[in-house]
Amino acid sequence: EMDLIEVFKDSDHLVSFSAGTTVLREGEPGDHMFVVMEGELAITIHGKVVALAGPGEIVGEMALINSQTRSATVVAETDCVLADIDRSSFDSLLKYVPDFTTHVLNVLAGRLSSAYEMIER
């Protein structure tokens, strides 16, 4: 399992958000994603919490993969520190770091199965 905190701990692109802040908004265009370094975020779709993301997890990757608008809103549940990854960095990681690609696929697969469970309820 790839330790994204280790990978990004010396990043020049760390950003802080205070609790309650909307970090990403559903429906808006997206050209960057985040690795959660500290804190916890809630991922919501149509106002319903579908997942929580904590340290080492990623948010905002969907818009980079399908080059579309944000599929979910992400709100800081606690004060957070996030590593900001823009499109060119994301593309480089996918190209040169196979473990990162696998990690992203695993995250997507996990979120997809959570979505299926919610639909079936």
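A residue is called buried under 20% relative accessible area, exposed over 50%, and partly exposed in between, with a 1.4 Å probe and protein chains only. The model is predicted, so local features need pLDDT of at least 70 and side-chain atom pairs count only at pLDDT 80 or more, while totals for chains, interfaces and linings use all residues. Residues are numbered from 1 along each chain as its sequence is written, and side-chain values use heavy atoms, with hydrogens and water left out.

Rings of Phe, Tyr and Trp (its six-membered ring) pair if their centres lie within 6.5 Å, planes under 30 degrees apart being stacked, over 60 edge-to-face and the rest tilted; by this rule there are two aromatic pairs. Phe17 and Phe34 are edge-to-face because their ring centres are 6.0 Å apart and their planes stand at 80°. Since Phe17 lies in strand E1 (residues 14–17) and Phe34 in strand E3 (residues 32–38), the pair ties together parts 17 residues apart in sequence, and both Phe17 and Phe34 are buried. Phe90 and Phe100 also form an edge-to-face pair, 5.9 Å centre to centre with 80° between the planes, linking helix H3 (residues 87–96) to helix H4 across 10 residues; Phe90 and Phe100 are both buried. Helices (H or I, at least four residues) and strands (E, at least two) are DSSP runs numbered from the N terminus.

Thr44, in strand E4 (residues 41–45), is buried at a relative accessible area of 13%. Tyr116, by contrast, is found in helix H4 (residues 98–120) and counts as partly exposed at 48% relative accessibility.
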